[in-house]
Amino acid sequence: MMRVVMGFDCETDVGSFTPFYNGLVHGTPTILDVLKRHGITATFFFTGDAARKKPEVVRLVCDSGHEVGCHSLFHETVGDPLFDIPGIYPLLPEEVENRLYRATEVVEEFAGYRPVSFRAPRLWGSTAVVNALEKLGYEADASYPMYYFRERLAPYHPNREDWTKEGTLKLVELPNFADLSMESKDPYGRDMDQWPLFRTAGAGVLMRHIEGYTGYCKARNVEPFLCFYFHPWEMYPMPEGEIHYGECSVRPDPFIVKNCGTYAVEQLDRLIETLRDRGAQFFQARQIPQSYDKQQSRTRIQ
Ligand SMILES: [Zn+2]
């Protein structure tokens, strides 16, 4: 059995550095169409800011039967940064719980229920984040960047002292898969990561990496678990070159905006179709903790 979670992070265009929501507004309905065509549901992680500014998009996602999760308040760095970004400073550990509390409250206001699934912006989670999520009643955290830590392959209960290790939290951590079967040439291992291959190289290339990764899992007797992260802004053409936002401009790296729009939508569609053909089963993030614990107790009984 291969379990798949399709996660869509709902935030400003190109993720950070712009205040625009064109991608969220126009890209989300397109994603919903693709998911509907395949008869699957997914998790949409909204920043509090996105939920507050585009409540109609939250409504659309809810009405289509998908899960609404939380993606911080402003796409800020809530966890441990893996590299420095000028102008974006991480929260202090003592600020984390209150910030996540506020983010949760805002998403809850527009979703109509309290979110139980979370994803940290840029997959920069932390021990402070998982402890705060546990206190706030979260059940799943889809933040673990496999390309960087390269240890946990399957969902796990994180440790209170180190979120990347197994422990006793009730919360379940969902690793975002990377192709660990390949040799990395990047100091952070980013070339092993799944994102944004579907858009920059195409679904076929991503599938080859998925096969590499599932082979890696099988060799270690681990059931392959594929947690994806995509963004509605990728499904809508993003401006190439500078984006002006009032006081100055930003110019995203070419890979950030490459093939956003129709091509990305087609590749998403192809990816889902291929995974379905291989017998993948699709889950929302909130469904994983239950299925994971059931599986663990089954293994123990045997
Ligand atoms: Zn994000």
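The model is predicted, so local features need pLDDT of at least 70 and side-chain atom pairs count only at pLDDT 80 or more, while totals for chains, interfaces and linings use all residues. Residues are numbered from 1 along each chain as its sequence is written, and side-chain values use heavy atoms, with hydrogens and water left out.

Glu-76 forms a salt bridge with Arg-99 (2.8 Å, N to O), a salt bridge being a side-chain nitrogen of Lys or Arg within 4 Å of a carboxyl oxygen of Asp or Glu. This pair links distant parts of the chain, with Arg-99 in helix 4 and Glu-76 in the loop between strand 3 and helix 4, 23 residues apart. Helices (H or I, at least four residues) and strands (E, at least two) are DSSP runs, numbered from the N terminus. Arg-99 is partly exposed, at 26% relative accessible area.

A salt bridge also joins the side chains of Glu-97 and Lys-135 (3.1 Å, N to O). Glu-97 belongs to helix 4 and Lys-135 to helix 5 (residues 127–135), so the pair ties together parts that are 38 residues apart in sequence. Glu-97 is partly exposed at 34% relative accessibility, whereas Lys-135 is exposed at 63%. In the whole structure, 15 salt bridges are found.

The zinc ion has Glu-11 (OE), His-71 (NE2) and His-75 (NE2) as its protein donors, at 2.0 to 2.1 Å. Donors are N, O and S atoms within 2.8 Å of the metal (3.2 Å for Na, K and Ca); water is not among the atoms, so sites may look incomplete. Along the chain, the zinc donors follow the spacing E-x59-H-x3-H. Glu-11 lies in the loop between strand 1 (2–10) and helix 1 (22–38), and His-71 in the loop between strand 3 (67–70) and helix 4 (93–111), 60 residues apart. Both residues are buried, Glu-11 at 3% relative accessibility and His-71 at 1%.

The largest pocket is lined by 31 residues, with Phe-83, Arg-122, Trp-195, Phe-255 and Ile-256 nearest its centre. On a 1 Å grid over the protein atoms alone, a pocket is an open set of points where a 1.4 Å probe fits, with protein on both sides within 12 Å along at least five of seven lines; lining residues have an atom within 4 Å of a point.

Note on methods. Buried < 20%, exposed > 50% of the residue type's maximum accessible area, 1.4 Å probe, protein only.
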